[in-house]
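Here are some notes on the structure below. Please read them with the model open.

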Amino acid sequence: MAKNIYEKIWEAHVVHEPAGEDAILYIDRHYVHEVTSPQAFEGLRLTGRKVRRPELTFATMDHNIPTTDRSVPIRDPLSKQQVETLKQNCAEAGVECFDMHDRRNGIVHVIGPELGLTLPGMTIVCGDSHTSTHGALGALAHGIGTSEVEHVLATQTLLQKKSKTMEVRVNGALPVGLTAKDIILAIIGKIGTAGGTGYVIEFTGEAIRALSMEGRMTVCNMTIEGGARAGLISPDEKTFEYLKGRAYLPKDKSWDALVAGWKAWASEPGCTYDTLVELNAADIEPQVTWGTSPGMVTGISGKTPVVSELQGVEKLAAASALKYMDLGEGMPLSEVTINKMFLGSCTNGRLEDLRAAAKVAKGHKVHPSIQQALVVPGSHEVKQQAEAEGIDAIFREAGFEWREAGCSMCLAMNDDFLLPGDRCASTSNRNFEGRQGKGGRTHLVSPAMAVAAAITGHFTDIRTWNFND
Amino acid sequence: MQVFNKLKGIVAPLEAVNVDTDQIIPKQFLKRIERTGYESMLFYDWRYLNDGKTLNPDFELNAPRYEGASILLAKDNFGCGSSREHAPWALDNYGFRCIIAPSYADIFYNNCFNNGMLPIMLPSDIVEELFDEVRAHAGYQLEIDLEAQVIRKPGGESIAFDLAPFFRERLLNGWDQIGLTLRHEAMISAYESGRGFQPVGS
Ligand code: SF4
């Protein structure tokens, strides 16, 4: 029987399935960052256990680090302690750690693929929900809690129940100006933030195939916002082309042998899924969230909801979201004005995102009402490449701040955060209350839409943009 | 790990859907490297006024009648968002050992069991009924009997709940999951040597 990619990866990684218990799944790659790992390493110390396969584990610092001058020590003593604890834990365990001065440093979900550590057919975990990003390369990747981090460190396995599978098929060609971000926001808008609970999603269809690898990463990144355990895209020629020449690829195999192995993971024609969700790419508009959950989203020509037209749980959620967001009912999204902008994160902090955003910014100026417009590359490598292409100069000239790589204002654990009442166009993945700073209001959009909003001061349909080529 | 068997305690209601882990414990508290001491940070942005110290009188959990609550009554998709285990730690440190809700986010649900906490799933209408009862009676308590898989109401009426047998066993015995997995260490080694360390398929 024809199998889908999830079934293949699952079957190849089951070590044992004790009767009546969850399966023990082997983990090929374990990523670690400073926020969710200290208690796991401490747990190992307390129980006298060792890291079983340090060579399959890689660590980076991304959440807590400053995006300003790296030669200045971290000011916050707690952040500093956490970063130093990671370094020390990795040194003790023999785990490779890309600290904030390392040229390979960056957001964990940006550097994994970038370094060639994420490969098709792998099982990948990290104490971070956006681990789903790595599914773009055809790896089964999901976020885990700190107890599970400890479990993987100690055993190189994870206990898992087999998920149901959902195919999300995006048919047709995406209209000009639309991006991967708009696709995934539209999908979440359709299935809801819990619509994927219990499922692993495979994204298929022409619009997905047509995306670049970076675009596919954006889609898989936000799978978790739809509640799914993981998001996957079957590997194809684009995947292999992307991986070519990456630093950590296995050196002991010929390229052809590697590609042949990776190809074998793709879903087979005629395979089946438990559920199918279909969208037409042509129907998707540039998306803007209006509420405090990524599913509270509409096209740029849309309006905020009218609460009395909703029912039950949705009604309660919409009323409280509009209150927090300080938006009226039935208000056109294009009339919403912002005073901050954040471009970056593991969703949209890659080179292609910066390129697309720079095209919009070129020859324009940030609107006078904007108090801060941050551009934060997803990794050191992305930053360097962007600088080599002159992208930093375009942003600087337009009045944007160009920063060092890191998570930054995506979750605002470092010094980059919104103040109460701020309204931000953000390319990140979560618009939860207070996510970018207590009392801050977040609207999730694509990089192009974020920059356009920073230039006009309000949300603007990118399809009508005046590009200065 | 803490054993979970029977629990009788005060029930506190939390009137919000899609409660995400950023609400359960905001990021500024994730910088600590300990597993305990998160009780004062639970629901921080809701629980305190803007000064970060004064209890917010409008946040229901702050009402004196819910003091000492050990069972949290919640709504759909509780615990969505990040994978931070600080969320169950904060709930546990505060005193909540059991949560009752119609549905949970996946990672949060797993994280609870790894901390000896019991997240119970019940149909929405039953949860709504419990919300009404809790609010109607100050000091409302429920008794959770994990072994029998029932919740007993003050009047004696009981509600059965479902749970995967493996999760039930783990809580009842307080089993350390790593220890359980390491019973199969020989199989892990055999798997590794059978396959090598590169991803399979090549
Ligand atoms: S960029 Fe944001 S979502 Fe991504 S890993 Fe960092 S904090 Fe998490």
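1. A salt bridge is a side-chain nitrogen of Lys or Arg within 4 Å of a carboxyl oxygen of Asp or Glu. Glu11(A) and Lys3(A) form one, at 2.8 Å from N to O. Glu11(A) is partly exposed, with a relative accessible area of 42%. Lys3(A) is partly exposed too, at 31%. (Buried means under 20% relative accessible area, exposed over 50%, partly exposed in between; 1.4 Å probe, protein chains only.)

2. This is a predicted model: local features need pLDDT of at least 70, side-chain atom pairs count only at pLDDT 80 or more, and totals for chains, interfaces and linings use all residues. Residues are numbered from 1 along each chain as its sequence is written, chains are lettered from A and ligands numbered from 1 in the order in which they are written, and side-chain values use heavy atoms, leaving out hydrogens and water.

3. Chain B has its own pairs. Arg32(B) meets Glu34(B) in a salt bridge at 3.5 Å, N to O. Arg32(B) is buried, at 18%, while Glu34(B) is partly exposed, at 34%. Arg152(B) and Glu143(B) form another, with their closest N and O atoms 3.6 Å apart. Shared partners also join Glu15(B), Glu60(B), Lys75(B), Glu128(B) and Arg135(B) into one network of salt bridges.

4. Now the interface. Contact (heavy atoms within 4.5 Å) takes in 74 residues from chain A and 59 residues from chain B. Across this interface there are 11 salt bridges. One of them links Glu192(B) to Arg52(A), at 2.9 Å from N to O.
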